[in-house]
Amino acid sequence: MDKSRNFIEQIIESDLEEGKHGGKVITRFPPEPNGYLHIGHAKSICLNFGVAIEYGGITNLRFDDTNPSTEETEYVESIKKDIHWLGYDWEDRLYYASDYFEQLYELAVKLIEKGLAYVDDSSADEIAEEKGTVTEPGVESKYRARSISENLELFQGMRDGKFDEGSRVLRAKIDMASPNLNMRDPLIYRIKKVPHHQTGKEWNIYPMYDFAHSLSDSIENITHSLCTLEFENHRPLYEWFIEKLEVFPSRQIEFARLNVNYMITSKRKLLRLVKEGYVSGWDDPRMPTISGMRRRGFTPASIRQFADRVGVAKRDNVIDISLLEFCVRDDLNARANRMMAVLNPLKVVIINYPEGEVEWLPAENNPEDPDAGNREMPFAREIFIERDDFMKDPPKKYFRMAPGRYTRLKHAYILHCDDFVEDSDGNIKEVHCTYNKDSKSGSDTSGIKAKGTLHWVSVEHAKKAEARLYDRLFTEPVPDGDPEKDFTSFVNPDSLTVLHEIFVEPSAGEIAQGEQIQFFRKGYFVLDQDSTKENLIFNRTITLKDSWAKIQKKHKK
RNA sequence: AGACCCAUGGUGUAACGGUAGCACUCCGGUUUUUGGUACCGUCAGUCAAGGUUCGAAUCCUUGUGGGUCUACCA
């Protein structure tokens with residue numbers, strides 16, 4: 001059975017068959033260093049690096065740093081870290097568009113010499129005015145007919161800093177009547193007397209995106225330049241520069257950007273969430289940023305799997321976040337060791353268990369992975385169980401602990417619930433049970449059948465910890481889809497719940513930062529970067545699927 | 001409304017002129033010392049109308065619906 005190919009893979013395979021570019025495949029990931037990478041970038045990274053790997057090619061990392069007023073090295077560093085974390089490597093091919101500023105300048109000069117570019121003294125407003133509209137053609141600038149030598153001299157003057165910002169631009173001379181607005185004499189250089197994070201004060205002019213991107217691709221011999229759909233209308237311009245300058249023919253191919261419901265990926269809106277304090281920062285575990293997902297406990301493999309499963313096509317899409325959640329659970333189920341933590345404790349006293357006695361019971365680390373080995377858990381007279389694992393008056397399908405019932409403690413014994421203590425308000429204070437000595441896990445000869453299996457920790461041995469429970473950041477599937485309401489009004493007030501006193505089994509105190517674990521029956525967790533030996537902090541990556549919650553929900557209705 | 005692009009179950013994606021398949025979700029079931037996992041099953045789709053063809057999701061035409069574009073941003 002052949003793996004089905006997306007349309008980009010099909011293009012590459014057909015190019016390969018034709019022997020185009022000598023069978024080479026070179027892609028690039030071209031982030032602008034003006035923000036943090038998010039889930040949408042992850043798709044692009046996986047696509048670009050993925051197809052190169054698939055077809056024996058290479059992928060360059062190139063920072064598209066042509067606008068020094070919004071870009072910073074802080075972003076350069078975070079972007080590099082995120083790509084490596086995702087599992088991809090550009091080896092020694094770390095480039096910047098700014099590496100090519102001199103070459104790009106020369107190419108602009110060449111365009112002028114060919115009579116295909118001119119310096120325009122018009123103001124931004126005038127240029128906008130003369131651009132025309134979608135239904136009306138534009139008007140040619142009065143500076144359009146300048147001589148080549150005058151253009152050359154003025155362009156050199158722009159470079160030398162002789163003119164003020166905004167006073168002049170270099171434009172390509174194409175067609176002011178083109179139905180494609182991008183072809184109506186687009187700007188290719190503007191004056192910006194702003195220091196650049198890579199080139200310092202060397203330049204007074206900076207190239208525009210279309211010019212820089214097309215020609216940077218060409219300079220790097222990029223064979224397949226993959227970008228999102230909104231650049232589709234730019235492709236004729238991309239090709240115009242390459243054709244007129246007779247340089248390496250990179251090809252731009254557009255695919256649909258990734259959208260995920262209950263998430264937003266607009267850099268501007270993400271910035272607002274940070275600036276306005278809805279989240280703690282770019283790496284808040286609720287953010288769709290790569291750094292946020294990493295802190296949340298998502299694994300690189302799960303994100304790669306997700307990127308693979310969403311597919312690549314040209315139609316607009318909104319992926320159901322449950323697919324991402326599935327990928328995360330699927331990966332974590334296989335690799336996360338199980339441990340026990342009681343998030344909302346209820347004390348159980350095993351009245352026939354000797355006071356002061358402690359048994360260390362072997363506990364399997366991961367039923368999905370026989371090589372994961374065992375650990376030992378202390379068992380004693382007083383334990384904590386989860387508060388909602390006991391009900392004094394249980395409904396029909398409830399099969400956890402209740403008076404008169406038998407319940408299994410995972411890796412330990414079967415308990416019979418004898419009695420419970422409640423205060424005057426009806427709050428359960430503690431539960432009294434008797435255990436059956438012959439029901440020990442692995443050597444159960446008691447013959448007792450227990451429907452439910454509970455997690456637990458020994459009161460005496462458990463460590464206190466903090467848990468941060470995360471949920472979807474928004475309450476609406478498309479938070480920015482309502483023009484009437486600001487997306488911030490849909491921030492989920494319950495997206496973060498902090499539990500200050502949970503109890504974890506002793507070995508949970510020894511896990512490494514960033515190590516994913518499953519708290520038995522409660523979900524996948526990871527140690528947060530704020531965690532210390534004294535103050536353990538666990539981030540809940542995601543809950544387990546919970547069919548009991550589903551049953552409850554159905555009965556409420 | 002001018003140009004360009006897109007249209008397959010609830011969601012996403014295959015099928016390249018020859019039996020509409022896969023995944024997620026939903027629903028139901030089996031197994032289970034995690035109400036997890038695994039496994040099985042149910043429901044459910046070619047935007048519309050013409051045309052070409054023995055045969056159309058696929059090619060053509062028209063329509064409809066959606067997206068992008070009028071930054072000295074990328």
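**Note on the predicted structure: core and pocket**

1. The largest nonpolar core of this predicted model holds 36 residues. Within this core, Ile45, Ile83 and Phe306 have the most contacts. In soluble globular proteins, nonpolar side chains tend to be buried together.

2. Which elements supply at least two residues each to this core? They are H2, strand E2 (58–63), helix H3 (73–86), helix H10 (290–296), helix H11 (300–310) and helix H12 (321–335).

3. The core lies between domain 1 (7–255) and domain 2 (267–337 + 465–556), because both of these domains give residues to it.

4. Strand E1 (26–29), helix H2 (39–54), helix H7 (209–219) and strand E8 (224–228) are the elements that give two or more residues to the lining of the second largest pocket. H2 provides the largest share of that lining, with four residues.

5. What classes of residue make up the lining of the second largest pocket? There are 12 nonpolar, nine polar and nine charged residues.

6. As to confidence, chain A has an average pLDDT of 96, and 99% of the residues score at least 70. For the complex, the predictor gives an ipTM of 0.97 and a pTM of 0.96.

How values were computed:
Residues are numbered from 1 along each chain as its sequence is written. Chains are lettered from A and ligands numbered from 1 in the order in which they are written. This is a predicted model: local features need pLDDT of at least 70, side-chain atom pairs count only at pLDDT 80 or more; totals for chains, interfaces and linings use all residues. Side-chain values use heavy atoms; hydrogens and water are left out. pLDDT is the predictor's confidence in each residue, from 0 to 100. Ala, Val, Leu, Ile, Met, Phe, Trp, Tyr, Cys and Pro count as nonpolar, Asp, Glu, Lys and Arg as charged, and the others, Gly among them, as polar. A nonpolar core is a set of buried Ala, Val, Leu, Ile, Met, Phe, Trp, Tyr and Cys residues joined through side-chain atoms within 4.5 Å. Buried means under 20% relative accessible area, exposed over 50%, partly exposed in between (1.4 Å probe, protein chains only). Domain bounds come from an automatic or database domain assignment.
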